[in-house]
Amino acid sequence: MSTHTAVLTAKEAARKMTTRRLGLWLFFLSDGFVFGGLLVTRFYLLGQARPHLEQFLGLIVTAVLLVSSFFMNRAEVSIAHNDRKSFVRNTVITMLLGIVFLVGVVGFEWQLAPFGPADGTEGAVFYMMTGMHAFHVLTGVIFLGFILRNGMRGHYSAENHWAVEAAANYWHFVDLVWIFFYPALYLIGTVGG
Amino acid sequence: MKKFFSLGLVRGLIWQAIGTAAGMGLLGAIRALMGLPWKTEPAMVFGGVVGAITFLAGIGTMRDWWHMALGKPVPEAEEVHETPGGARYFGVSLDHKVIGVQYGFLSMITLALGGTFALIFRTELAQAGLDFLNYLQFNTLIGMHGMVLIASILMGIAAMANFIIPLMIGAKDMAFPRLNAFSFWMAVPGTVLLVSAMFVGGFETGWTAYPPLSVRGPMGIQMFFLGVYIVGWSSILGSLNLIATILMMRAPGMTLFRMPIFAWAMLATSIISTTATQLIGLSFQMVMFERLLGMGFFDPASGGNPILFQHLFWFYSHPAVYIFVLPGLGVISELLPVFARKPLFGYRWVALSSMGIALTGFLVWGHHMFTSGMEEYLRVPFMYSTLLVAVPTGIKFFSWVATMWQGRLRFPTPMLFVLGGVIVFLMGGLTGPPSGTVSTDLHLHDTYYIVGHFHNTMFGGYIFPLFAAIYYWFPKITGRRMSEKLGKAHFWLLLPAFLLQTFGQMRIGLLGMRRRIADYDPEMGFTFSNQLITIAGFLVAFSVLIFFINLWISARKGEVVEGNLWESRSPEWQIPSPAPLHNFAEPIRVVGEPYDYGLPNSRYVETVRQPAGD
């Protein structure tokens, strides 16, 4: 990927980059339908009711995930300015925040929730939505692991860091999904019986 | 023997078997460590997932991506040199033409398989009473007939798109050649899993897999879900790739409204399949989890709502029929001007009508649920949106008729199939409104009338155009043309046999024959019609057999044709047949309108002699 890009003319390279970006955004569009389907499921099955969840924990994990996007953006901007040190630092912070989020949701919220996945529609909706989202966060963390490794080895530069851009956009996308999931699970409606 | 094992396909299948066994063993071991007893169903599902992944890894579709992830240099796809020859059709190739043919092979195999299932249960239905199948076998066969053929159609579309689109828009390859190979090879383990559903207990639900029956029935449904899920992802990634290709890789001068019309049809189709497919995947995944973990989405016994499944399912599965027919209608619009020697009437309208069908298609899914207990206030809106689809479809029909009007028509085999497609699709179109209107659908729902209507749309919108496309573009693949004699025999057997079959189906449907039942009361008086349908079904199968024989003979001994056999203006016919390795030896440029047949001095493409600065 890196060695051969130089062979292409600047115009071809720019076109290739646009094509890649289009591909990535089409993937987001497609994946967005999964999350859209889950939101529909939530409102169809639970309506105005919402599951009984730990409000404080939810607030913390949401804050953690939102803040992680800030550091993700820092990392991308850093590599775009050839600042590798800052890139590594910010990527590590993003990954750590992502892992804190995962621990918060899977490690705590899943244990604290008063229902299991087999306990009616509440359990089904809650575990499916958080599970699907956590799976995406996990893949995001793995993706960041790869770009961290390659970044530390100096594979990225201001001109050549498509993988970083893709990982960062993916991270923001998964973050954006949570912005819809958090109110759907924690805020909208009233806790039923 | 060593050569046999060096084929990627064989290696992949061996890896899939190993992976499945390992996955089953692993899950069993984990459960044993947790002190839980052996359970076959979760082990099979987990094994199936692992097997699909090991297939893809074993065949080598992910090697380059793994190298990229580790920062190793990977050649650009255009720089990969593949040894020509038959072997590369059985392993990972990045060439869109090879992938197109691979899709074609798989599509034909699944077509034959799905058709055979139909012959088996049609034989059962030739007489009242249960003759040689039991209920579970019958139900499994109708479900497999539906889903295997849906997979076949998706692959057939991918075959046409992969082979033709890059050639048509003057590109060297697809936008993402590695993703393209990956999408195809995903479909192989997906198909294996789908078919394996028959051997691990079958299922009772038909292809729609409605819960709560699918939550409670035998285990085969899990393999069915898994297979569809993987084939669905293959379709999603393939269509994503097509959108990127059509939007980004066109030759200079080819604006969107100067694209061949087939590219428009594929663009519209791909927009549906990239997005809506996720919903069938999601709904099937939810039933899988409901069975495995007891999550109560759809089973009323655990608080769920089966109507939700139908909403999610039909949100894909209705637009899916537009995924199936849009490329076929595109083929009709593409071929008619060539054989009528006239411009395509209303090019822009036809192009936008594809988009119109695609977008309206997202708004009509509820018409499958008029009788299912869906919210009643949704019925009439869904009826109107459904009938709205007739508008863009009507535009296409007007365009076809006007294109043929006063044309200098020629009737080689591809043209016959185009005309057959128009006639059969018209039947499908005319029988649609009664099914889409609430008052009539309440009577027609779940009868054989719907079966007849549906087969009309599928044959008119996909099967006939697919055959037309194969007869038409076969020389581009092999450098030989298909036998006209066998082709005409194929057509003149298929068309009347098929019409007899669907008219028979609609007739018995109106007389009260229910769909998806293994048995019927001889007192109903449609035993004879059922026998006719079965005979017609066998004739359809026989005509397809002639087609397969034609493929086989023509690929080896057909008349050699190198040039522009059909006198088409489209870019793919301006290069020699079979299409050379990197498609266009010299870059091309679009300088005119695509379908100005018969207009003096009009040109569509010209070769850029000197590679210019850009």
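Select L112(A): its relative accessibility is 46%, so it counts as partly exposed, a class that runs between 20% and 50%. The model is a predicted one, and this residue sits in helix α4 of chain A, which covers residues 84–112.

Next, go to N82(A), in the loop between α3 (55–80) and α4. Check the backbone torsion here: phi is near 60 degrees, a positive value in a residue other than glycine. N82(A) is partly exposed, with a relative accessibility of 46%.

**Chain A: annotated spans and confidence**

The unreviewed UniProt entry places the annotation "transmembrane region" on residues 22–44, 56–75, 87–112, 124–148 and 169–188 of chain A. Select two of these in turn. Residues 22–44 are 100% helix and 0% strand, with 33 Å between the end C-alpha atoms. Residues 56–75 are also 100% helix and 0% strand, and there the end C-alpha atoms lie 29 Å apart.

Then colour chain A by pLDDT. The mean is 92, and 95% of the residues reach 70 or more. Over residues 1–6, however, pLDDT stays under 50; the model has ten contacts beyond four places in sequence for this stretch.

**Chain B: two cis peptide bonds**

Move to chain B and select P211(B) and P212(B). The peptide bond joining them is cis, with omega about 5 degrees. P212(B) lies in the loop between α7 (177–196) and α8 (213–216).

Another cis bond runs from S577(B) to P578(B), where omega is near -15 degrees. Here the setting is the loop between α21 (527–557) and β1 (588–590), in which P578(B) is found.

Select R341(B), in the loop between α12 (306–340) and α13 (347–361). Its phi is positive, about 50 degrees, although R341(B) is not a glycine. Is R341(B) buried or exposed? At 18% relative accessibility it counts as buried, because the cut-off for that class is under 20%.

Finish at A402(B), in helix α15 (residues 390–404). A402(B) is buried, with a relative accessible area of 18%. Leaving aside neighbours within four places in sequence, its contacts are K342(B) and F345(B). For a distance check, pick the C-alpha atoms of A402(B) and G23(B): they are separated by 59 Å, and the two residues are 379 residues apart along the chain.

Note on methods: Residues are numbered from 1 along each chain as its sequence is written. Chains are lettered from A and ligands numbered from 1 in the order in which they are written. This is a predicted model: local features need pLDDT of at least 70, side-chain atom pairs count only at pLDDT 80 or more; totals for chains, interfaces and linings use all residues. Side-chain values use heavy atoms; hydrogens and water are left out. pLDDT is the predictor's confidence in each residue, from 0 to 100. Contact means heavy atoms within 4.5 Å. Helices (H or I, at least four residues) and strands (E, at least two) are DSSP runs, numbered from the N terminus. Buried means under 20% relative accessible area, exposed over 50%, partly exposed in between (1.4 Å probe, protein chains only). UniProt positions are given in the numbering used here, feature names are shortened, and annotations may be inferred rather than shown by experiment.
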